[in-house]
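Please read the following report alongside the sequence and the 3D view, turning the view as each part is described.

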Amino acid sequence: TEAGFGADLGAEKFFDIKCRTGGLTPSAVVLVATVRALKMHGGLERKDLAREDLGALKRGFANLDRHLANLKRFGLGVVVAVNHFASDTAAELASIVDHCRAHGVEAHVCRHWAEGGAGAEGLAAAVAAIVDRPDAGARFRTLYADAVPLTDKIRAIAQDIYGAGSVEIAPRAKDLLAEWQAGGHGDLPVCMAKTQYSFSTDPGKLGAPEGHRVAVREVRLSAGAGFVVAIC
């Protein structure tokens, strides 16, 4: 399922749209992280990502932690796969593993790009350990119930997953949502369209921004596919 980069987009849509519609119950989540991305979320310029910077990496952990907290809302066990790059240093990789362990989550450095299956054995064992639990998936839940009004579904995603402080829906979009709500489409899930570079709708707001404004400028009804699209 290709549903957008970032767990705030891809995972949320997979859980709230596909699993809901298809009656699927996942057993585990693998959150993929890289040293380079976390350093960028920690304020390092793209041109400098290949050099070691433990300070930037640790500042970037706020982004990783937000994704982990979001995923735990869905009631699933999570393991972190650190997708290895040749420029990563041992200290940087150890810092991610230690940070995750301190927060009760396993992290495994994955070198399958260079070593094939052997490079991801640790991750495979960790995932198997989660899915083999008798209660795997038993606590899975979606973010909102079918009966929640469409506007409230948008607010739930924006505030609970994106960390928004407010949601502004354009007048025409608000009118359409009310029309669809009254016309038998109110039970549909919502598919949010926004930048993949930030939890906010501003690609320049890296890390884990909070209290920002999410503006929905347009909505579209995809009745055949079975969801309402909210375009930020």
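Predicted model: local features only at pLDDT ≥ 70, side-chain atom pairs only at ≥ 80, totals over all residues.

## Burial and overall form

Residues are numbered from 1 along each chain as its sequence is written, and side-chain values use heavy atoms, with hydrogens and water left out.

The protein has eight helices and eight strands, which are DSSP runs numbered from the N terminus (helices are H or I with at least four residues, strands are E with at least two). The radius of gyration, taken over C-alpha atoms, is compared with a globule rule of 2.2 Å times the number of residues to the power 0.38. Its value here is 19 Å, close to the 17 Å that the rule gives for 232 residues, so the protein is as compact as a globular protein of that length. Along the principal axes, the C-alpha atoms fill a box of roughly 55 × 45 × 30 Å. Where contact means heavy atoms within 4.5 Å, 70% of the contacts between residues at least 6 apart in sequence join residues at least 24 apart.

Strands pair if DSSP finds at least two bridges between them, and three strands form an open sheet of mixed pairing in the order β5-β8-β7. Because β5 (190-193) and β7 (218-222) stand at the edges with a single partner strand each, one side of each is left without a neighbour in the sheet. The twist averages 20° from one strand to the next, with axes fitted as lines to C-alpha atoms (for helices over the stretch in contact) and angles running from 0 to 180 degrees between N-to-C directions.

β5 and β8 (residues 227-231) pair in the parallel sense over four bridges, and C191 has V229 as its bridge partner in β8.

Helix α7 (residues 150-161) lies across β5 and β8, running at about 50° to β5. Helix α8 (residues 171-185) also packs on the sheet, where it touches β7 and β8, and its direction makes about 25° with that of β7.

In a regular strand the side chains alternate between the two faces of the sheet. Both faces of β8 are covered, with F227, V229 and I231 buried on one side and V228 and A230 buried on the other. Five of the five residues of β8 are buried, so this strand is largely enclosed by the rest of the structure.

Rings of Phe, Tyr and Trp (its six-membered ring) pair if their centres lie within 6.5 Å, and planes under 30 degrees apart count as stacked, over 60 as edge-to-face and the rest as tilted. The whole structure holds three aromatic pairs. The ring centres of F15 and F74 are 4.7 Å apart and their planes lie at 45°, so this pair is tilted. F15 lies in helix α1 (residues 10-22) and F74 in the loop between α3 (54-72) and β2 (77-83), so the pair ties together parts that are 59 residues apart in sequence. Ring pairs link F14, F15, F74 and F140 into a cluster.

Note on methods. Buried < 20%, exposed > 50% of the residue type's maximum accessible area, 1.4 Å probe, protein only.
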